[in-house]
Amino acid sequence: MSLFKTDKTEHLNIIQCPSALDAGAASEFAKLAPELVTLSVKAHVLDFHHCQALGPEMSRHLIKFKRDVGATDVQIFSINLPRALLKQIKESGLDSVFNPIPDLNAVKVKLGLAAATGPAPSQATASVEFIKVFVSAVQIAISTQASTPLTAGKPYTKKEPHKIDIGIAGVISLVSTQFAGTISLLFPAKVFMDIYTNMLGEPLESITPESEDAAAELLNIIFGLAKMKLNNEKGFTVQKAIPTVLAGDKLHVATSKSGSVVVLPFETKAGPFFVEVTFEQFNSA
Amino acid sequence: MFDLKSRILIVDDMLTMRKLVIKSCKEIGFSDFTEAADGNLGWDKLTTAEPAINLIISDWNMPNCSGLEFLKKVRRDPRYAKMPFVLLTAEAEAGQVVEAVQAGVTSYIVKPFTTAALSAKLEAASLKFIKK
């Protein structure tokens, strides 16, 4: 009996993964994959509900499987990923292979096979809700954890790069049943050094790897606050994500051309910093 | 409140958060700290520290061994069944709180936190600890 149980419906092939995707499971998947590639479906859905471990051999076979099914325009999604596996996938940069998404309903919504659940807010309403939540999260995180007073400016749609040089930036993905996007936290070096000093009581002369950790932590806190509010109070299903931090001169964070970028400007006594939000809502009824 | 001479083990994969917790604990009056970057390293510190650890403050989300896994490991060992254990997390969802309570957490702090909030949580944790 196969370690992988498959259940093919009209549009989807659901693959139940075993508890451990180790070398043995990878070998079995490699034998199964050629048959799966020939199935006429819109997507293969890997269900990780019972899975606790993912080995490198399985990742390699999935990369090959992704390449093979990609040639036929069939998509791959990974659902019910335990937190630790989701973190492992993101940290190894394999998001695009596994394509994590919360659950089967989210897959159906994304493929237009089902209506969005939850509040299903309109794009405009959702965007406004979103922006309010993130403005509040930034204010709470920076004022509480970094002891830095700040004021929020009026959000605007980004038309051109920031006129102030960005010295450190953190980016985190937003993955939910209802939408996908990114949150970027952009600091001019001088402003970030001031916030860092306020936060830890240690003067910072330049951006260092240690201070990049601080930017990641701030972004974690902002994301955690926003996620809690969006999920508990607004009915969204935002998933856990890991921030990436970049440091350098005149940084520019490139974002998807398909959606607009909303800039949330904030002002501190050391100068301004920015949060950029990109947001793309999935199909809804 | 805990004896201010208590030795605190701070477990977090983010250096910044460890520094923030130490900064706040110093403001409260504590002065003896030891650190670890995940639950496995935390366990090593806990079982080998000399002088012994009196209180653990651990992040929830960490690679290798999460705060919850670390908590369960600590509680499984009779030597540490009553060790005060405070979990720190960026998100407090109902399911998480229930899971942490079932695993025997002493108290729970949501980021961001102020020194006053941390002090209040430690105060509450110490009361539970004394009751035990």
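**Note on the predicted model**

1. Helices α1(A) and α2(A) are roughly parallel to each other, since angles under 35 degrees count as such. The pair comprises residues 23-37 and residues 56-70 of chain A; the axes come within 9 Å and cross at roughly 10°. Axes here are lines fitted to C-alpha atoms, for helices over the stretch in contact, with angles from 0 to 180 degrees between N-to-C directions. Helices (H or I, at least four residues) and strands (E, at least two) are DSSP runs numbered from the N terminus.

2. Contact between these two helices (heavy atoms within 4.5 Å) involves, among others, A:Phe29, A:Ala33 and A:Leu36 of α1(A), and A:Met58, A:Leu62 and A:Phe65 among those of α2(A). The residues of this contact divide into 12 nonpolar, 1 polar and 2 charged. In this classification Ala, Val, Leu, Ile, Met, Phe, Trp, Tyr, Cys and Pro are nonpolar, Asp, Glu, Lys and Arg are charged, and the others, Gly among them, are polar.

3. As to the basis of the note, this is a predicted model in which local features need pLDDT of at least 70 and side-chain atom pairs count only at pLDDT 80 or more, while totals for chains, interfaces and linings use all residues. Residues are numbered from 1 along each chain as its sequence is written, chains are lettered from A and ligands numbered from 1 in the order written, and side-chain values use heavy atoms, without hydrogens and water.

4. From α7(A), A:Phe192, A:Ile195, A:Tyr196 and A:Met199 meet residues of α8(A) including A:Ala214 and A:Leu218. By class, this contact has 7 nonpolar, 1 polar and 1 charged residues.

5. At the interface, 26 residues of chain A are in contact with 21 residues of chain B. The chains bury about 2000 Å² between them, 54% of it on carbon and sulfur atoms; buried area is the accessible area (1.4 Å probe) lost on putting two parts together, summed over both. On the chain B side, B:Met14, B:Thr16 and B:Pro112 lose the most area, together 27% of what that side buries.

6. In chain A, A:Asn80 has phi near 55°, a positive value in a residue other than glycine. A:Asn80 belongs to the loop between β6 (75-79) and α3 of chain A.

7. Which element gives the most to the lining of the largest pocket? Helix α3(A) does, with 6 residues. By class, that lining has 10 nonpolar, 8 polar and 7 charged residues.

Terms used: Angles under 35 degrees count as roughly parallel, over 145 as roughly antiparallel, 65 to 115 as roughly perpendicular and the rest as oblique.
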